[in-house]
Amino acid sequence: MTTGETIISEGPFEEKPVQEEREQIEIDLLLEGIHRLYGYDFRNYAMPSLRRRILHHVDTEHVNSISELQHKVLHDRAAFKKLVQSLSIPVTEMFRDPSLFKMFREKVVPLLRTYPYIRIWHAGCSTGEEVYSMAILLHEEGLYEKSRIYATDMNERSLQQAKEGVYGIEKMKLYTKNYMEAGGTRAFSEYYTARYNSVMLHPYLRKNIIFAEHNLATDRSFNEFNVIFCRNVMIYFNDELRRHVHGLFHESLSRLGVLVLGSKESIHFSGYSEDYEPMDRVEKIYRKLK
């Protein structure tokens with residue numbers, strides 16, 4: 001062996017890191033292209049889950065690489081919308097985590113009764129089940145008529161389903177159980193009409209709901225709110241984007257406004273933890289003090 005000669009291994013131990021680095025470069029280019037062309041910013045999403053969803057989308061679209069997917073997405077808006085839907089898979093249900101809604105009735109509703117008008121923002125509302133859960137709760141508490149609920153998401157297809165208020169009938173057994181555990185005061189079946197294999201929620205539940213597209217990564221505050229729900233959305237963000245979104249919520253909440261987070265999310269290390277007091281630490285309900 002000549003002194004100073006470099007041996008480059010082409011064995012399997014070198015192949016995986018090279019492949020992962022190539023994939024990461026392709027992902028970075030895809031996300032940068034989407035941001036520059038369409039204005040959607042996925043660059044600060046948590047990479048492990050984002051990578052899994054992108055690679056799964058590569059398989060379902062039957063393309064050979066992320067670069068090939070990038071070409072398709074940048075030249076076909078329909079392909080871009082399909083990718084957005086794949087990257088924002090909705091995971092929700094009515095009265096999900098019933099103990100949270102029960103605690104909301106007990107600790108937040110008395111505060112809302114003191115307001116002449118109530119504004120509530122469900123950020124990342126997905127297909128709308130959580131929004132309608134809030135509408136039902138407010139209706140039962142006699143507060144719905146003076147409330148306005150803003151339901152936003154970046155996924156156009158999910159928003160359309162939310163607007164329609166139509167869900168699979170097979171889910172009603174679970175939703176009824178959740179509703180009762182959340183402190184429901186009526187028969188849950190009173191809130192919908194069954195049609196074949198689906199149910200349609202009654203239209204009066206939609207009359208004070210505004211559905212709109214909103215991207216937490218790029219869009220600004222659009223109103224002042226008494227309550228903000230954002231549950232199980234920021235778990236897909238990196239630390240930088242979480243801090244950005246917490247800043248957006250802090251700006252959007254009125255004084256003594258209430259912030260509700262998901263069970264795996266936290267106000268700590270957000271840069272705003274000193275501005276809130278916990279109303280319920282377990283259910284992640286916080287009240288803004290300043």
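A: In this predicted model, strand E9 and strand E10, which covers residues 285-288, pair in the antiparallel sense over 4 bridges. Within this pairing, Glu277 stands opposite Arg287 in E10. Strands of a sheet pair through backbone hydrogen bonds, and the pairing may be parallel or antiparallel.

These two strands belong to an open sheet of 7 strands, whose order is E6-E2-E1-E7-E8-E10-E9 and whose pairing is mixed. At its edges are strand E6 (209-213) and strand E9 (276-280), each of which pairs on one side only. From one strand to the next, the twist averages 20°. Helix H5, made of residues 98-112, packs on this sheet and touches strand E1 (118-123), strand E7 (225-230), strand E8 (253-261), E9 and E10, while its direction makes about 165° with that of E7. Helix H7 (residues 156-164) lies across strand E2 (147-153) and E6, and runs at about 165° to E6.

There is also an open sheet of 3 strands, in the order E3-E5-E4, with antiparallel pairing. Here strand E3 (166-168) and strand E4 (192-195) stand at the edges with a single partner strand each, so one side of each has no neighbour in the sheet. If direction is ignored, neighbouring strands of this sheet are turned by 30° against each other on average. E3 pairs with strand E5 (residues 198-201) in the antiparallel sense over 3 bridges, and the bridge partner of Val166 in E5 is Met200.

Turning to the side chains, the structure holds 20 aromatic pairs. In one of them, the rings of Tyr132 and Phe211 have centres 6.3 Å apart and planes at 50°, so this pair is tilted. The pair links distant parts of the chain, because Tyr132 lies in helix H6 (residues 129-140) and Phe211 in strand E6, 79 residues apart. Tyr132 counts as buried at 0% relative accessibility, and Phe211 is buried with a relative accessible area of 15%.

Phe188 and Tyr192 form an edge-to-face aromatic pair, with 5.8 Å from centre to centre and 65° between the planes. Phe188 is buried, its relative accessible area being 2%, and Tyr192 counts as buried at 16% relative accessibility. Both belong to one aromatic cluster, formed by Phe95, Phe101, Phe104, Tyr179, Phe188, Tyr191, Tyr192 and Phe229.

Definitions and conventions:
Residues are numbered from 1 along each chain as its sequence is written. This is a predicted model: local features need pLDDT of at least 70, side-chain atom pairs count only at pLDDT 80 or more; totals for chains, interfaces and linings use all residues. Side-chain values use heavy atoms; hydrogens and water are left out. Two strands pair if DSSP finds at least two bridges between them. Axes are lines fitted to C-alpha atoms, for helices over the stretch in contact, and angles run from 0 to 180 degrees between N-to-C directions. Contact means heavy atoms within 4.5 Å. Rings of Phe, Tyr and Trp (its six-membered ring) pair if their centres lie within 6.5 Å; planes under 30 degrees apart count as stacked, over 60 as edge-to-face and the rest as tilted. Buried means under 20% relative accessible area, exposed over 50%, partly exposed in between (1.4 Å probe, protein chains only).
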